[in-house]
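Open the structure in your viewer and switch to a cartoon view. The tour below goes from the whole chain to single residues.

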Amino acid sequence: MQSLPFPFPVVQWQDDRVVLIDQTLLPGKLEFRRCGDIPSLCRAIVELAVRGAPAIGVAAAYGLALSWDLNRKTGRSLGRIYEAFEVDRAALAATRPTAVNLFWALDRLGKLVENLVAAGDRDAVEIGAALLAEADCVLAEDIAMCRALGQAGQELLSDTATVLTHCNAGGLATGGYGTALGVVFAAKEAGKNISVYADETRPLLQGARLTAWELADQGIDVTLLCDSAAATVLRQGKIDAVITGADRIAANGDSANKIGTYPLAVLAHRHGVPFYIAAPDSTFDPHTPDGDGIRIEERDPEEVVQFHGQLAAPPGVAAYNPAFDVTPAELITAIITDKGVFRPPYVSSLRALGPGLEPK
Ligand code: MRU
């Protein structure tokens, strides 16, 4: 398999299209999906061709630039372009409910158009260029935030350390650098000797397919685990820190992440191992007071019943498939952000994030 430039080109704007690494095909094939309209981009998000909270936000930002571009080229009036833009914004918002980065990006670009129009800008070409420039900023800022949080987080690790992670919170889940894996990459850049145990992450195997692939691609020692083996390696004393990403962090620090994260936090607590969440500004949701308010995506039960396209359970059996769970703040040792490392009580410490926790 061909190696990728780093940070990974997860989401790009090329030839008036949103171009994505098709993560459904990894690690077998490295192919790009070219989304030339909003329905195809929405499908790519729902099917997890692009996934991971920050990467979904970046894809949505380019999606709105695409929407404006397509509608402008039809020769419609500014009013009609704006109406179609709002329809596309709603379609993108309906793709996945849990990652707040999606709504953060849609609001950011939506407000940009509102402000330009309110300021008297009637030039559709100019507004389109501003939207594309803003999407470029969302991408560049995400990479910068992940580098910054990686740097802050790596200071928590000793010169030789073993990290346990869940799902994929790497370059593939972001603009290209990663959150939980950003900490690992930054530790490596700082000359530390870091090994990683990666949970395979049933049912869709983001840990096995994506985390193991990108760590190996970057020359980092990685060992794959069945999700159910995490307790054993923690009990064996093999893990110095558990680090995961997040899809949404409530104002009190409760954090939603891939299903199976909460049990890891319980296990880490049981074994006296620090449990860290790593996330950029765009993952904080000050409007949701605690984890009870976070909407958890439920996906097709077929994802549980099948394994690699083969039926793995009796035909017709019921299956429950919540895609995320919420780790209560009390189990989180620290939240690693681009603005530094925050410790409990998060209700007060997270306020110091300032603009990041302003209404989005
Ligand atoms: O369903 P997915 O693959 O989008 O879930 C992704 C995760 O749960 C990640 O851990 C999270 O988005 C953080 S990514 C930096």
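**Surface and overall build**

Start with the surface of the whole protein. The accessible area comes to about 14400 Å², and carbon and sulfur atoms hold 52% of that. Keep in mind that this is a predicted model. Colour the charged side chains next. There are 31 positive and 44 negative ones, and the centres of the two sets lie 2 Å apart.

Return to the cartoon. Eleven helices and 16 strands make up the secondary structure. The radius of gyration is 20 Å, close to the 21 Å that the globule rule gives for 360 residues, so the protein is as compact as a globular protein of that length. Along its principal axes, the C-alpha trace spans about 65 × 50 × 40 Å. Of the 360 residues, 56% count as buried. Now look at how the chain contacts itself. Among contacts between residues at least 6 apart in sequence, 75% join residues at least 24 apart.

**The largest core**

Select Val-11, Leu-20 and Trp-68. These have the most contacts inside the largest nonpolar core, which has 48 residues. At least two core residues come from each of E2, H1, H2, H3, H4 (100-118), H5 (124-154) and H7 (206-217). Helix H2 supplies the largest share, eleven residues.

Centre on Leu-20 and list its contacts, leaving aside neighbours within four places in sequence. Among them are Val-10, Val-11, Phe-32, Leu-41, Ala-44, Val-50 and Ala-59.

**Helix H1**

Select residues 38-46. Which residues of this helix are buried? They are Ile-38, Ser-40, Leu-41, Cys-42, Ala-44 and Ile-45. Show their surroundings. These buried residues pack against strands E2 (17-21) and E3 (32-35), and against helices H2 (53-73) and H3 (78-93). Then step past the helix to Leu-48, which follows H1 and has a positive phi, near 70°.

Move to Ala-230, Leu-234, Ile-335 and Tyr-346. They belong to a second, separate core of 26 residues.

Now pick Leu-267, in helix H9 (residues 261-270). Leu-267 is partly exposed, with a relative accessible area of 23%. What does Leu-267 touch, beyond residues up to four places away in sequence? The answer is Ala-230, Ala-231 and Leu-234.

**Backbone stops**

Two cis peptide bonds deserve a label.

- Leu-26 to Pro-27 is cis, with omega near 5°. Pro-27 sits in the loop between E2 and E3.
- Pro-344 and Pro-345 are joined by a cis bond, with omega about 0°. Pro-345 sits in the loop between strand E16 (340-342) and helix H11 (346-349).

Finish with positive phi in residues other than glycine.

- Asp-16 has phi near 60°. Find it in the loop between strand E1 (11-14) and E2. Asp-16 is partly exposed, at 38% relative accessible area.
- His-308 has phi near 55°. Its loop lies between strands E12 (306-307) and E13 (310-311). Is His-308 buried or exposed? At 62% relative accessibility, His-308 counts as exposed, because the cut-off for that class is over 50%.

How values were computed: Residues are numbered from 1 along each chain as its sequence is written. This is a predicted model: local features need pLDDT of at least 70, side-chain atom pairs count only at pLDDT 80 or more; totals for chains, interfaces and linings use all residues. Side-chain values use heavy atoms; hydrogens and water are left out. Buried means under 20% relative accessible area, exposed over 50%, partly exposed in between (1.4 Å probe, protein chains only). Helices (H or I, at least four residues) and strands (E, at least two) are DSSP runs, numbered from the N terminus. Contact means heavy atoms within 4.5 Å. A nonpolar core is a set of buried Ala, Val, Leu, Ile, Met, Phe, Trp, Tyr and Cys residues joined through side-chain atoms within 4.5 Å. The radius of gyration is taken over C-alpha atoms; the globule rule is 2.2 Å times the number of residues to the power 0.38. Accessible areas come from the Shrake-Rupley method with a 1.4 Å probe; for residues, only the protein chains shown count as cover. Lys and Arg count as positive and Asp and Glu as negative; His and the chain ends are not counted. The place of a charge is taken as NZ of Lys, CZ of Arg, CG of Asp or CD of Glu.
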